[in-house]
Amino acid sequence: MEERYNTQNTTYTWMVSSPFFEGLPEPGVEKALTHLVTRTHPANQVILLENDWGGSVYFIMDGWVKIRTYNLDGKEVTLNIIGKGELFGEMAALDEVPRSTDVITLTPTTIASIPAQDFVTLLQTETLAGLRLAQLMARRLRQVNRRLRLRESDSQSRVADTLLFLAEGQGKQANAGTEIPNLPHRELSSLSGLARETVTRVLTRLEKKGLIVRDQDRIRIPDWSALEKTIV
């Protein structure tokens, strides 16, 4: 389902107040969103494929997607899982080369997109937009570096770090801690680099210790610092 740009529609209103655009000068934002398009996708649908050309930049209005690639043995590797308020596709737009990863929805997802050239023009004309993009890319690089450092750590450290990684990017503050979606264990497995059975055992162990609370849809982290202390 597709919705075309209209200055009165809810998509435009959401985009203007999203983390990337909030506070940017209105004329520049209006110009960047002139060709705004919104689409809804079911779970497990491929949005982008590696080696596609970067014609658009995408903003997640609702839902979750995973960024994946494959190692030399052909095994799927999840590089990131991002959700509402995040953007993707910016690298291919900036360097005008084919995309380096796949993007697949994990849940029903609504995505807004703008042409790559409109995004680049915004970066060229609005200093704050360029700064925000640099901050986003720096944050993602720090997260990847942290996960790489933990590749030789024990399984509990790696699962705990994966949960905190997701909470840092998409956690919602609740009365009794930080909440993240209860993603399938295969996704947590790929993100942490552990076998799915190992992830399941560690989650059960963390739950018994009171470091996480799980229900059908959510994982709640009651005490961020307590979970962080399990990482060695």
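Contact here means heavy atoms within 4.5 Å. By that criterion, in this predicted model, S56 touches G89, R99, S113, I114, P115 and A116, with residues up to four places away in sequence left out of the list. S56 belongs to strand β4 (residues 56-62), and because buried means under 20% relative accessible area, S56 with its value of 18% falls into the buried class.

**Salt bridges**

Side chains of opposite charge can pair when their charged atoms come close. The structure holds 9 salt bridges, and three of them are set out below.

| Pair | Closest N to O distance |
|---|---|
| D102 and R68 | 3.0 Å |
| R140 and E86 | 3.1 Å |

D102 and R68 are each buried.

R140 forms a salt bridge with E86; R140 lies in helix α5 (residues 127-149) and E86 in the loop between β6 and β7 (87-88), so this pair ties together parts that are 54 residues apart in sequence. R140 and E86 are both buried. Salt bridges that share partners join K66, R68, E76, D102, R186 and E187 into one network.

**Helices α7 and α8**

Two packed helices are described by the angle between their axes and the distance between the axes. For helix α7 (residues 185-192) and helix α8 (residues 196-208), the axes come within 8 Å and cross at roughly 105°, which means that α7 is roughly perpendicular to α8. The residues that meet are H185, R186, L188, S189 and S192 on the α7 side, and R196, V199, T200 and L203 on the α8 side.

**A nonpolar surface patch**

M91, L94 and M137 make a nonpolar surface patch of about 260 Å². Of these residues, L94 is placed in helix α3 (residues 90-95), and with a relative accessible area of 40% L94 is partly exposed.

Notes
Residues are numbered from 1 along each chain as its sequence is written. This is a predicted model: local features need pLDDT of at least 70, side-chain atom pairs count only at pLDDT 80 or more; totals for chains, interfaces and linings use all residues. Side-chain values use heavy atoms; hydrogens and water are left out. Patches are made of residues with over 30% relative accessible area and no salt bridge: like charges are joined within 9 Å, nonpolar side chains (Val, Leu, Ile, Met, Phe, Trp, Tyr) within 5 Å. Accessible areas come from the Shrake-Rupley method with a 1.4 Å probe; for residues, only the protein chains shown count as cover. A salt bridge is a side-chain nitrogen of Lys or Arg within 4 Å of a carboxyl oxygen of Asp or Glu. Helices (H or I, at least four residues) and strands (E, at least two) are DSSP runs, numbered from the N terminus. Buried means under 20% relative accessible area, exposed over 50%, partly exposed in between (1.4 Å probe, protein chains only). Axes are lines fitted to C-alpha atoms, for helices over the stretch in contact, and angles run from 0 to 180 degrees between N-to-C directions. Angles under 35 degrees count as roughly parallel, over 145 as roughly antiparallel, 65 to 115 as roughly perpendicular and the rest as oblique.
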